[in-house]
Amino acid sequence: MGAFRIEEADRPHLVRLLVIWIVLSAIGVLAVLQIHYPPYDQTVQGQDQSRTLALLTALATPVFIAVVMMVLYSAVFFRRTTPELVDGPPMLGNTPVQIAWVAISAIVVLFLAVVGIATLASSNVAQAVGQPGRAIGQAGGQTGSGTPGGAGSEMQVQVIAQQWYFTYRYADYGGVETTHLYLPVDRPVELHITSIDIIHSFWAYQLGVKADANPGVDNIFHVTPQKTGSFQVRCAELCGLWHGNMADSEGQVVSQSAFDIWIAQ
Amino acid sequence: MVVSERRLSLPNNPITGIVLAIPGYFAGVWLGTLFGLDDDQNTGIILGYLFATAAFLIGIGFLNYPLERLFGWQVTPVTDPAENTGIGRFFRLSLDHKVIGIQYLVTILIMLLFGGIGAMLIRTSLLVPDSTITPPGNYISLIGLHAVMMIFITSAVIVGPFGNYLVPLMIGARRMAFPRLEALSFWVVPPAAVILAAATFWGGFPTGWTGYPPLSVQAGQGMDSYIVGFALIAVALVTSGINMLATIIGLRAPGMTWTRLPMFVWGIFTTSILGLLAAPVLAAALIMLAMDRTVNTSFFLASNGGSNYLWENLFWFFGHPEVYIFILPAFGIIMEIVPHFARKPLWGYRTGVVGLFGVALLSWFVWQHHLFVSGIAPVLRPFYMLSTELISIPTGIIFLVVLGTLWRARVWFTVPMLFCMGFLFNFLIGGISGVYLSDVPTDVTLHGSYFSMAHFHYTIMGGEIFALMAAAYYWLPKMTGKMLSPTIGRIHFWWMFIAFNSTFFPLFIVGLLNMPRRVAAYNPDLVGLNRWVTISAYFLFGSMLVFAGNLIYSWFFVARPAVANPWHARSLEWQVPTPVPAANFDRVPVIVAGPYEYGIPNARPVADLGGIVGATGGG
């Protein structure tokens with residue numbers, strides 16, 4: 001294309017930059033893919049988040065390298081060498097380059113958005129869905145998930161936040177209330193997060209769950225544990241004096257049989 | 001002018017202002033108590049702050065002009081013109097945009113010192129993973145005071161000092177469109193800072209800068225400081241915004257066409273649009289919050305039919321444009337300074353302006369990305385995810401324009417140029433980490449963690465404050481008439497750049513490893529990283545002291561006078577003498593060329609400063 005005619009003076013710079021960029025990007029992408037990204041794989045949803053983090057980092061690495069490389073290259077090769085001031089070549093802009101830049105960034109952005117929306121739309125979606133006006137302490141078994149079809153298989157757990165701890169209410173087990181969260185492995189769970197005083201945020205790090213606990217709102221989060229092990233729970237929304245201590249490291253994902261024994265106690 | 005016999009005047013200065021403000025405060029408290037509401041005196045305290053501020057402004061002299069115009073009273077003391085040149089003018093109500101710029105600069109640097117000390121105390125507390133150094137109540141107060149103080153500062157740190165001082169000079173005007181509004185936009189800032197600091201007497205406030213109810217409705221009297229102080233900053237944003245827009249639209253010199261406008265002025269222009277439109281939303285939300293706290297309305301209390309989502313939406317509808325209020329002038333500074341030191345025309349001027357407007361426009365459509373895990377209706381989540389990610393396109397344009405300007409340039413590596421390069425690196429990391437937060441699945445893990453804290457410190461401190469430093473080294477010679485030491489400047493840059501990255505980059509990892517923001521107690525596994533960050537933060541504070549030392553050193557000790565145009569730059573503000581004459585230009589300049597036409601054969605000087613024969617000038 002004539003519009004993309006490369007000027008003679010630009011060519012050595014472009015060739016050098018392209019080679020450096022390809023080499024560094026390849027190394028960089030391979031390197032960042034070696035990292036294990038949180039929240040790891042204890043739940044299906046957490047695994048999705050880890051994958052998305054890896055994807056974002058793999059995409060961000062070439063972009064980061066490109067810009068840093070350009071800045072450093074300019075600092076080294078486009079530095080003034082004469083003692084007195086000289087003006088550079090009067091380049092006012094280059095429409096094809098600008099269009100290409102915008103087009104490439106648009107493609108990257110749209111790709112990211114499509115991936116993100118696809119993850120959202122999939123059945124493993126990790127998203128909080130608020131429902132207003134749910135009073136606390138209503139009949140435990142009837143939390144009204146809004147998903148009548150799957151109600152049989154999804155275990156209902158209400159997470160009740162208050163200053164400064166969480167209480168868990170197992171609706172399917174007669175409204176048993178506990179101070180540590182135990183979940184059976186391989187069984188979908190529907191968490192109903194709410195608060196009885198101010199805004200808190202329920203963050204079970206290894207489960208890949210974070211959802212705000214709003215007073216008077218039933219915030220729903222679907223999660224499916226796929227590996228046994230312990231997990232940590234913290235409050236992630238500033239909630240006053242002892243916010244920093246609103247934590248519990250004794251959450252457990254256990255086998256169904258172990259769970260049955262535990263819940264019977 | 002004849003001095004009338006019955007002069008009503010008090011001496012108009014901050015001391016009078018403070019003397020009037022104290023009875024003003026108690027009058028407000030008395031009036032509030034008179035209402036007899038059982039609200040822990042919140043009504044009285046809020047009225048007290050408002051009355052005190054009004055009394056302070058009267059003491060400064062804001063009522064003189066209206067009284068003169070309405071009643072013909074002679075209230076303004078007739079001053080000796082010599083007083084308008086001495087150091088005293090900086091302590092009085094001045095309508096000179098150059099004086100206001102310096103007033104703003106000094107005030108904000110003092111506030112920055114307090115905000116920075118707050119940050120150091122926070123980091124000191126985090127040396128240990130429990131609350132032994134700082135009790136949790138004090139820790140949360142510190143978080144709130146540091147955050148809100150820094151928000152006050154960053155709202156105005158570029159527009160206040162540099163915008164007020166430079167915009168008239170850069171567009172060839174002798175003054176701002178509304179000098180009294182300009183003075184007001186400055187004089188509400190010191191009361192806002194003092195009122196915020198007064199929160200310490202009430203034990204601070206527990207909500208951070210976001211002020212989420214119901215916590216903020218239940219909180220003690222320190223919360224009233226947050227409300228009134230923040231509302232005063234909203235006043236500053238609106239008055240400054242309307243003034244900048246009117247000035248830039250109306251007072252450009254002949255020949256200063258829109259395509260010759262310096263990029264810094266474009267940055268101020270776009271940020272002013274945001275400030276003008278966003279701050280009223282904040283003010284409205286704050287009034288509702290004040291009513292919830294005082295007269296028992298229930299806008300935000302679910303227990304009585306309100307909703308905390310209302311506050312979250314209003315706050316972030318203001319809050320997200322607000323962060324672009326911080327960064328747009330910084331973009332303007334970078335695109336302004338780089339061509340002058342690259343000695344090349346700005347590469348893609350119109351594209352750069354489109355980039356600024358693109359950021360400004362999109363900033364209105366992204367606020368719910370702060371609420372991805374709040375439980376708000378999920379239908380719009382894909383939209384907010386897309387709109388947030390779209391902002392990287394106009395931001396990318398800004399980077400393209402700067403990189404294109406550097407391409408095959410003859411870069412003169414001055415201290416301002418170093419800070420521009422530092423800005424590009426830091427803001428790149430800040431921008432990329434923003435994409436992680438805009439993506440709903442990853443935001444579930446990252447939201448409210450140190451990752452988001454590191455993200456916004458990279459954009460605000462690594463972005464805006466690095467641009468501020470570039471602006472300071474670049475323009476202070478014109479504003480103060482003294483060159484800053486380039487040797488200390490280079491030490492300052494490298495020290496600050498390394499310490500900044502060493503402080504904030506580990507915080508991304510800390511956030512990924514399960515540490516939430518605003519906690520005094522954290523997982524002991526993370527103590528190593530946190531200590532590293534704290535030590536780095538001390539060094540970062542040290543770099544700011546290097547900057548302060550450079551200012552003091554060059555202002556008071558080694559008075560190396562600045563020549564009119566030390567950078568050999570083309571743009572208009574460097575064509576006037578240093579120090580800048582009281583009227584800026586002898587006559588209205590006629591602009592005949594753009595500011596960045598380096599290397600263009602037969603390029604004309606930017607302006608004919610001789611002016612139009614017979615023109616009266618005066619904007």
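**Exercise 1. Find which residue in S11(A) is the bridge partner of Tyr182(A), then build up the sheet around that pair.**

Start with the pair itself: Tyr182(A) has Gln252(A) as its bridge partner in S11(A). Strands, like helices, are DSSP runs numbered from the N terminus, with at least two residues (E) for a strand and at least four (H or I) for a helix. Before going on, note that this is a predicted model, where local features need pLDDT of at least 70, side-chain atom pairs count only at pLDDT 80 or more, and totals for chains, interfaces and linings use all residues. Residues are numbered from 1 along each chain as its sequence is written, while chains are lettered from A and ligands numbered from 1 in the order in which they are written.

Next, look at the strands that hold the pair. S5(A) and strand S11 (residues 247-254) of chain A run parallel and are joined by three bridges. That qualifies as pairing, since two strands pair if DSSP finds at least two bridges between them.

Now widen the view. The open sheet has five strands in the order S5-S11-S10-S7-S8 (chain A), with mixed pairing. Its edges are strand S5 (182-184) and S8 of chain A, each pairing on one side only. From one strand to the next, the twist averages 20°.

Axes are lines fitted to C-alpha atoms, for helices over the stretch in contact, and angles run from 0 to 180 degrees between N-to-C directions.

**Exercise 2. Work out how many bridges join S10(A) to S11(A), and how many join S7(A) to S10(A).**

Take S10(A) and S11(A) to begin with: five bridges join them, and they run antiparallel. One pair to look up is Phe231(A) with its bridge partner Gly251(A) in S11(A).

Then move along to S7(A), which runs antiparallel to S10(A) and is joined to it by three bridges. Here Arg234(A) in S10(A) stands opposite Trp203(A).

**Exercise 3. Which element of chain A gives the largest share of the side that touches chain B?**

Get the totals down: 72 residues of chain A are in contact with 75 residues of chain B. Several elements of chain A supply at least two residues each to that side, including helix H3 (95-121), strand S1 (129-132) and strand S9 (217-223). The largest share, 14 residues, comes from H2(A).

Sort the side of chain A by class and you get 43 nonpolar, 21 polar and eight charged residues. For the classes, Ala, Val, Leu, Ile, Met, Phe, Trp, Tyr, Cys and Pro count as nonpolar, Asp, Glu, Lys and Arg as charged, and the others, Gly among them, as polar.

**Exercise 4. Why is Leu50(B) classed as partly exposed, and where does it sit?**

Count first. Leu50(B) has 18 other C-beta atoms within 10 Å, so it is partly exposed; buried would take 20 or more and exposed 12 or fewer, with C-beta atoms placed from the backbone.

Then place it: Leu50(B) is in helix H2 of chain B. Leaving out residues up to four places away in sequence, Leu50(B) touches Gly28(B) and Val228(B). Its C-alpha atom is 7.6 Å from that of Tyr25(B), 25 residues apart along the chain.

Now zoom out to the domains. The domain assignment, automatic or from a database, gives domain 1 (1-78) and domain 2 (95-557) of chain B. Domain 1 puts 16 residues into the contact and domain 2 puts in 14. Helix H2 (residues 42-60) of chain B gives the most to the domain 1 side, with 10 residues.

**Exercise 5. At what angle do H12 and H13 of chain B pack?**

Read off the geometry: helix H12 (residues 308-342) and helix H13 (residues 349-362) of chain B pack at about 175°, with axes 10 Å apart.

Then check the residues: Tyr324(B), Leu328(B), Phe331(B) and Met335(B) in H12(B) meet Gly352(B), Leu356(B), Val359(B) and Ala360(B) in H13(B). By class, that contact has seven nonpolar, one polar and no charged residues.

Note on methods. Contact = placed C-beta atoms within 7 Å.
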